[in-house]
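Q: Before we go through this model together, could you show me how to read its helices and the way they pack?

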Amino acid sequence: MELLIASAVGVLTAAGIYLVLRLRTFPVIIGTSLLSYAVNVFLFASGRLAMDAPPVLRDGAERYTDPLPQALVLTAIVISFGMTAVVVMIALGSWLSSDDDRVERPALTEDDTNAPSVTEGGAR
Amino acid sequence: MSHWIITPIVLPALLAAILVLMVREHLVVQRALSMAGTLAITAIAIGMFWQASDGTITLYQLGNWPAPFGIVLVADRLSTLMVLLTALLAPLVLLYAMGSGWDGRGRHFHPLFQFQLMGILGAFLTGDAFNLFVFFEVLLIASYGLMIHAGGKDRLRAGTQYVLYNLLGSTLFLFALGTIYAQTGTLNMADLAGRVAELDAGASAGIRVAAVLLLMVFAIKAAVLPLHFWLPDSYAYAPAPVAALFAIMTKVGAYGIIRVYTLVFPLDLEITQGLFDVWLMPAALLTLALGMIGVLGARRIDRLVAFSVIGSMGLLLSAVSVFTPDGIAAALYYAIHSTFATAALFLLVDQIRDRRGAAGPLLVHAQPIEGGALLAGMFFVAAIAMTGLPPLSGFLGKLLILDAAGSSPLVWWVWTVVLTGSLVAVVGFSRAGSLVFWKAHQEGPDIEPIDCETAPEVEDDTAQPGSTRGPLVPRPVLPMIAIGGLIAMLVALTVFAGPVNRTLSATAAQLFSPEPYIELVLTTPGKQIKDDPHAGEDDHGGEAAADAGEDH
C-alpha cells in the first residue's frame, strides 16, 4: 500500500513537471492538474494510511483514520478545480487573442520595437 | 468575544457578493459601495492597530472552537500593522481606479478588488497554516481576474504566465503543508511552534524539507531571485491600479517569512540552521542586484518600475535574513515605504503611458507630455523615495537596514550590494525620467535616443496617430489626488519616522518572544462540546459558520 501510494505520487509529480516544462498552454495545464492530483494523494497520505477504518473517533472504535487530511484534501480539490477552470479560460483567451499557445513571451515585445504590433496603445 | 477581528474579512466578502449579484450593471453604485466598504475597512484597521499598539494580542476563534481544532484569527502587532498598511493603500488605489476609469474598462473590477482585499487581510490575520493557504488562494484567484482586467493580447499572455506560476506555487504550498502535518500532526501555527521544538533532532529530515519548501513558497510570493520570473511581466502588463495593489502582494510573501520563521521555525532551532544566513541572504542580495540591473536595462518604463519592485524586495529580505529584532524592524519600515513608493510609481507610469500617445511606456523620444510639470515633479519625488535618496523614507529605511546588517557575517556584502545597487537605481531612474520628461523638449534629429537604434523610425511611424489624440482633453484630477495621497504617505512616514520606528521595534520585539502568542492561542477555552451527536460537526464552513456557531 505504502509503495503504491508513494510511487503514484512520484509518477504523477514527475509527469506533471515534465508536462509543465513543455511551455505550451495545453500540456502545461494538464501538467498542473497532474501535480494537483499528486498533492491531493500526498495530503491523504500525510495522515498515515489506514485501510477500512472510519474517519471518526467514537466509543468502541478499535482503530480510525485521521479525518483532518480528508478535509484538507477536500478543500484542496475544490480550490485546484476552480483554479484549473480559471487558467483554462485565461489561456483560451490568450490563445484566441494572439493565435499562439506558447506560455513564454515571444522575444519581440521589447527588443523588436519596430514590429507594428508592439505599440502598447491597443493593449491598454 | 469581540467580532471586530473578522470584519476585515467578512465585510469585503459580503460586499463583493452584493456588488456582483445585485448592482453589477451600475458602475456608479458599485463605486460608491466599494469606496464606502474600503473606507470602513480602513477605519476598522486603524481601530485594530490602536488596540494592538499596547502589545495586546487579540484572539478570535471561528465558531468558538478552541485552538488546535478550530481555526483562529490572531491580531498582534505585526498582523494589525500589515492590515493597516493594506487598508491605507486600498482606498487610494481605488480612488485612482475610479478617477482614471480603469474600473469601467472591463467587468467586475470592484467585486474582484474586494475579494482581493479579503484574501490579503485574511492572510495577515489568520493563525492557522492551512487557512493561510486558503487565503492565499482567495487573494490569488481575485488577482487572476484583476490581472487580466480589460483584456488585451499582451496582458492575457502575461496573465497566463502569472496564473500558471502561481498554480505551481500553490501546489508547492500544499506539499509543504502535507509534510508539516505528516511530521507534527497539526497545522495551527501556535501549536506547531511547540511541536516542532519538541521534534527529535535525529529524525528531522521531514520537517527540514517542510521548512525549506515553505520558505520557497513565500520566496515565490516575494519574488526572490531564482523564483522572480513571474513578476516583471505581470506587474508591467497588469492594469495600473492592480499593479499598485499588487505592491502589497509581494509583502504577503515577506510577511509569511517573518511570521512563520519567528513563530514556527525560530532560527535557534537546530533544524533551521543556515536557512537564512547561508541561503536567503545571498539570494536576497542577488535579487537586489538583479532588480537594479533590470532598472538600468529596462526599455519600457513599466518594466523599469517592476524591476525596482524586485530590487526593493531583495533589500527587504536581506534585512529579514539578518534576523535580529533590529533587522525585522528595519525590514518592516522598508516594507511600508516600498509599498507606497511602488504603488505611486505604478500609478505615475500609467499617467505617463496615457499621455505620451503612441510612444506609450517605451523609453524613447516622444512628444512632450501635456501637463508634464506636475507629473514630472511627482515622478521625481517617487523616484527619490524608491531609490532611497535623502530626504524621503527610502533613505531612512535603507539606513536602518545598513545599520541592522552590522550583526550579519555578510555585512560587507550587504553594504556593497545595497550601496552599489542604489547608485545603479539612481542612474536608471534618472535616465528614464530625463528621457521621458526632459529630453522630450529638445526635439531634433541630432539627438540620438540612448537605448535603441530602431526607435526613431518607430517613433516617426507611430507618432502621427498619437498626436491626433488632441492634447486638450481635460484630465481628471482624481488620479493625481490618489498619487498625491500615496506620496503624502511617504512624506508622513518620513516625518513620523521616530514614532513609527518605535512601534516597529516593539513589533519586532513581540515577534521574537512568541510565548504570549502561543499561550493565548492554546489556552483560551472554546465552546463546551456537549454529548449530543450534532455537537461534533466539523467547522470547515470557515467564516460563514462563525457567526452561526457563536451562540452554541
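**Reading the helices**

A: Read along the sequence, chain A of this predicted model follows the pattern α-α-α-α, with 4 helices and 0 strands.

Q: What share of the 124 residues in chain A is buried, and what percentage of its contacts between residues at least 6 apart in sequence join residues at least 24 apart?

A: Buried residues make up 31% of the 124 residues in chain A. Of the contacts in chain A between residues at least 6 apart in sequence, 49% join residues at least 24 apart.

Q: How should I describe two helices that pack together, and at what angle do α3(B) and α10(B) cross?

A: Two packed helices are described by the angle between their axes and the distance between the axes. In chain B, the axes of helix α3 (residues 77-100) and helix α10 (residues 240-263) come within 9 Å and cross at roughly 170°. Since angles over 145 degrees count as roughly antiparallel, α3(B) and α10(B) are therefore roughly antiparallel to each other.

Q: Which residues of α3(B) and α10(B) meet, and how do they divide by class?

A: On the α3(B) side they are L78(B), M82(B), L85(B), T86(B), L89(B), V93(B), Y96(B) and A97(B), and these meet P241(B), A244(B), L245(B), A247(B), I248(B), Y255(B), I258(B) and R259(B) in α10(B). By class, this contact of α3(B) with α10(B) has 14 nonpolar, 1 polar and 1 charged residues.

Q: How is a helix pair read across two chains, as with α3 of chain A and α5 of chain B?

A: The description again uses the angle and the distance between the axes. The axes of helix α3 (residues 67-98) of chain A and helix α5 (residues 129-147) of chain B come within 11 Å and cross at roughly 15°, which makes α3(A) roughly parallel to α5(B). The crossing of α3(A) past α5(B) is left-handed. Residues L72(A), T75(A), I79(A), G82(A), M83(A), V86(A) and I90(A) of α3(A) make the contact with F130(B), V134(B), E137(B), I141(B) and Y144(B) of α5(B); by class, it has 9 nonpolar, 2 polar and 1 charged residues.

Q: What span should the 31 residues of α13(B) have, and how many of them are buried?

A: At 1.5 Å a residue, helix α13 (residues 325-355) of chain B should span 45 Å, and its end C-alpha atoms are 45 Å apart, which agrees. Of its 31 residues, 30 are buried, so α13(B) is largely enclosed by the rest of the structure. After α13(B) comes G357(B), whose phi is positive, near 65°.

Notes
Residues are numbered from 1 along each chain as its sequence is written. Chains are lettered from A and ligands numbered from 1 in the order in which they are written. This is a predicted model: local features need pLDDT of at least 70, side-chain atom pairs count only at pLDDT 80 or more; totals for chains, interfaces and linings use all residues. A residue is buried if 20 or more other C-beta atoms lie within 10 Å of its own, exposed if 12 or fewer, and partly exposed in between; C-beta atoms are placed from the backbone. Two residues are in contact if their C-beta atoms, placed from the backbone, lie within 7 Å. Axes are lines fitted to C-alpha atoms, for helices over the stretch in contact, and angles run from 0 to 180 degrees between N-to-C directions. Angles under 35 degrees count as roughly parallel, over 145 as roughly antiparallel, 65 to 115 as roughly perpendicular and the rest as oblique. Ala, Val, Leu, Ile, Met, Phe, Trp, Tyr, Cys and Pro count as nonpolar, Asp, Glu, Lys and Arg as charged, and the others, Gly among them, as polar. A crossing is left-handed if the near helix is turned anticlockwise from the far one by less than a right angle, and right-handed if clockwise. The expected span of a helix is 1.5 Å times one less than its number of residues.
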